[in-house]
Amino acid sequence: MRNTLSLLAPFAMLAACNSPQFHSGDPLREQVVNVYSHRHYESDQQIFDAFTKKTGIHVNLVMADDDEILTRMQQEGANSPCDLLMTADAGRLGLAKVRDLLQPIRDSLLEAVIPAHLRDPDGNWFGLTMRARVFAYDKRTVDPSHLRTYADLTKPEWKGQVLVRTSEHVYNQSLLAAMIAHEGPDSALVWASGIVANLAREPKGSDTDQLLAIGEGIGSVAIVNSYYIGKLMKNTDPARDQARAVIGVAFPDLDGHGTHVNISGAGVARYAKHKAEAIALLEYLVSDSAQALFAEGNEEYPVRADVPIARELAAFGTLTPDTLNLQALATYNAEAVKLFDASGWH
Amino acid sequence: MRRRSSSSTPPVGIDGCVQRPATRNPFRRPRRLFTVISLLALALAAPLLVVLTAPLHARAPEWEHVREAILPDHFAGTLELLGGVIVIALVLAVPSAWLVATCDFPLRRMMRWALVMPLALPTYISAFTYAALLGPTGPVSNWLADHAGFRPDIVDMQGLWFVLALVLFPYIYLPARAAFASGMSGQLEAARMLGAPALSRFRRIALPLARPAIAGGALLVAMETLNDYGAVKYYGVRTLTTGIFRSWAGLYDLGSALRLSVVLVGLVALLLWIERRARRGARQETDQVPVARIRLSGWRAAAATGWCLLVFGSAAMLPIGSILDDVWETCDGTMHGDVPHALWNTSVVAGAAGLVTLVIAVLFTFRERYGRRSDPAIRLADLGYVIPGAVIAIGVMSLAGFIDRRQWLDTALIGSMGVLVYAFSVRFLAVGKQPLQGALRQQSTSLDEAARMLGASPWRSFRRVNLPLLGPALIAAAMLVAIDVIKELPLTLILRPFNFDTLSTKAYELARIEQLREASWPSLMIVICGLVPVLLLEQVLEKRTRTPGVR
């Protein structure tokens, strides 16, 4: 019997692990807000800390990938401890709305400072920062006047010159989804196929890798996210000096609507137990100081027009964002993936 | 999965020959214990059942597209990747294992454990590190482009073969070395006396005899390759696992993603069948006599040392050195994030998961040894190892969510440590069982038969005879699970409680936003944490196969 009991010891240990000492904050305490986030940035922690200091509301955090988080919220149902969902893709916020994981919020402050196209018309989600899908080019060889629109990059003059990561990545998917929304699937497919025809190499690696490849002359134009350019410029690694020295940025236009942007945003969970605190955090996230930290700490474009963008990005020119309402990204994301499959963009 | 015959021996005829308590029939199978074990196996197999039955209960609106545009390419990519990785891993592992087990050469003692070190490296960290060094814009490529006029690029399918094989080959090296080191000494000795040259001793005796061990290791390599996501995505290679995420995250179609998981499991079932065939006809029980090592000299010794150094250097020194360099470069006195806290969390969760999985694995191997036929639930539970962690998480969350939504318990299961550890057991059961099964196979069944004849019940016979003999394998099992938990990412990410960081989530958060140099601190801690069980494992195995002397 003693031996049988000893078999249970690890399970007893497990029970012990569940004791509160393993949680640095008790999610059931009064003044808390529970956040599920896809944003993995150190600057976010600074913002949460400042929020706690100002309001006394403690921020509990689970960080994981978007799709897993949505699945977790669905499975938790009405029991979900999540109060605020933060993601780094408008498509997933739109999906969360469609799956009834968020609730509509009417808040005059949020509606006043966030441009209408960067939030859900019904108030289910709100954009906090923008990241633009731009062209980085090699200043040594490229005349940026040839890179005015996304479609310019499909011209024969760029054959063997284009660098981009795989279509697994959501920012490629949302760019194509925006094209479908504006121009329809046929011309979106023509664009994707045109890019495939001009590739310098098979799509692979990260956005930063595409920038480094420009530095080494492997290709001359890369489709990348703006904040990776900002991060590269801020980086001090001498191995990246070459890339830093030669990179220029063009803000391509999408069919007269501006440059494609995606957002990082948040919405109050359908079953939030701390709704007031969640709204307080949302409002704090669009405050001057939080927006400045998003801009400075993570090289994102603040949604507030009155907050300056990071120095590194400002040097490259002005962003004119596409004003497509971003709920459309959720609508067309799946179609975008199918078009990528049809175009051969892996 | 071995079928045993002793328990089906009719008790008639032996009665009277042995002394035993009159009230208990030792040949009766312990039904109650078997039922408990079957229930436990069902509990572990349940999340997989959720995944495998998905075609019946989950809508898959995009399945037509997935079947036509994603499945063929991604299936072909999977086969190409598997083939390349396994062949290269065999080339790295088998000669190294042979040299270390049967020969004596300079640095052999160090190489024994040094060649296990790559196990401590998570594949995604290793893949990023190799790409940073040897990728298209790495220092090596840049230098060659300037001086030799060409630019090598390992960030592709062929590069990934090497990268994954270099991290995963110890899964073959360990069992192959154990097989070479003991259990075939008689045959090898005889061949040597008859004048067979070393190469033909290796080819005609050692290799066929070690085939089951090598096949078992290759199976683990295949499983790890199949469920890898981070490295594969970064290298732009298409596999079933990237297809699963493409369907789930891109097409917003979880149902199709789960169907692809079923295809993945089907492929693994095929591999399991091949492995079983490879083992068929092989001798199971061995004499456990350690082989006498042959001292190499001259160019042979130099070649042996050189080969091992080459493998060790490229598989362990290169990535670890590169991580150390990054730590040095970014070392400004501050660690990014709360590394000590993450270290503590990692140790607790790895320890708990290691022990829980060990206990379960012991019970299951007992069932397999003493049961008349194998338990299908246990066989199913073994498959947890091949399914990508994120997909297992779906199964676990579906079950835990089912209970949570009905509020049967006063605390929520999702986001609790208990469910996290349970999920690790689901995922890594096969890792824990593998060494136990291997060691049990080497114990002659005459041992259990003797114990049973003397009146011991199956459980008593297992506990008093088989279990003590398993000693080192028990530790090996717990250690292997702990190593995997330390490196594990997707399950931890999604099932963790609030504010709960481990080393791998820390490293991932930095690597994800392409801050690879800043991710070096937690990466280094993962390697160090992983090395502790790796080295302990080596100590244990060393004791088991200590050789009597060298000629």
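**A loop residue and its surroundings**

Mentor: Let's start with A:Asp255, which is partly exposed, with 14 other C-beta atoms within 10 Å. That count lies between the two cut-offs, because a residue is called exposed at 12 or fewer such neighbours and buried at 20 or more. Please keep in mind that this is a predicted model.

Where is this residue along the chain? A:Asp255 sits in the loop that links strand E7 (247–250) to E8 of chain A. The backbone there is worth a look too: A:Asp255 has a phi near 55 degrees, which is positive even though the residue is not a glycine.

Chain A contains 15 helices and nine strands. The domain assignment divides chain A into domain 1 (29–129 + 262–308) and domain 2 (131–260 + 318–343). Between the C-alpha centres of these two domains of chain A there are 27 Å. The domains of chain A do touch: 17 residues of domain 1 are in contact with 19 residues of domain 2. On the domain 1 side, helix H5 (90–98) and strand E8 (261–268) of chain A each supply at least two residues.

What about the overall build of chain A? A compact globule of 346 residues would have a radius of gyration near 20 Å, and the 22 Å of chain A agrees with that. Along the principal axes, the C-alpha atoms of chain A fill a box of roughly 75 × 55 × 45 Å. Buried residues account for 57% of the 346 residues in chain A. If you take the contacts in chain A between residues at least 6 apart in sequence, 79% of them join residues at least 24 apart.

Chain A also has a partner. In all, 59 residues of chain A are in contact with 56 residues of chain B. Several elements of chain A each supply at least two residues to this side, among them helix H1 (2–7), helix H2 (9–17), strand E2 (58–63) and helix H15 (327–343).

Chain B itself has 23 helices and two strands. Its radius of gyration, 24 Å, agrees with the value near 24 Å that a compact globule of 551 residues would have. Of the 551 residues in chain B, 54% are buried.

B:Gln407, in the loop between helix H17 (389–406) and helix H18 (417–441) of chain B, has a positive phi of about 55 degrees, although it is not a glycine. Is B:Gln407 buried or exposed? With 11 C-beta neighbours inside 10 Å, B:Gln407 counts as exposed, whereas A:Asp255 is partly exposed.

Nine of its 10 residues are buried, so H22(B) is largely enclosed by the rest of the structure. The buried residues of H22(B) include B:Leu503, B:Lys506, B:Tyr508 and B:Glu509. Just after H22(B), B:Glu514 takes a positive phi of about 65 degrees.

Finally, here is a helix pair in chain B. The axes of helix H9 (residues 185–193) and helix H10 (residues 198–227) of chain B come within 10 Å and cross at roughly 170 degrees. H9(B) and H10(B) are therefore roughly antiparallel to each other. H9(B) brings B:Gln187, B:Leu188, B:Ala191 and B:Arg192 to the contact, and H10(B) brings B:Arg201, B:Ile205, B:Ala206 and B:Leu209. By class, the residues of this contact between H9(B) and H10(B) are five nonpolar, one polar and two charged.

Notes. Residues numbered from 1 in each chain as written. Chains lettered and ligands numbered in written order. Predicted model: local features only at pLDDT ≥ 70, side-chain atom pairs only at ≥ 80, totals over all residues. Contact = placed C-beta atoms within 7 Å. Helix = DSSP H or I, 4+ residues; strand = E, 2+ residues; numbered from the N terminus. Axes fitted to C-alpha atoms, helices over the stretch in contact; angles between N-to-C directions. Parallel < 35°, antiparallel > 145°, perpendicular 65-115°, else oblique. Nonpolar A, V, L, I, M, F, W, Y, C, P; charged D, E, K, R; others polar. Rg over C-alpha atoms; globule rule 2.2 N^0.38 Å. Domains from an automatic or database assignment.
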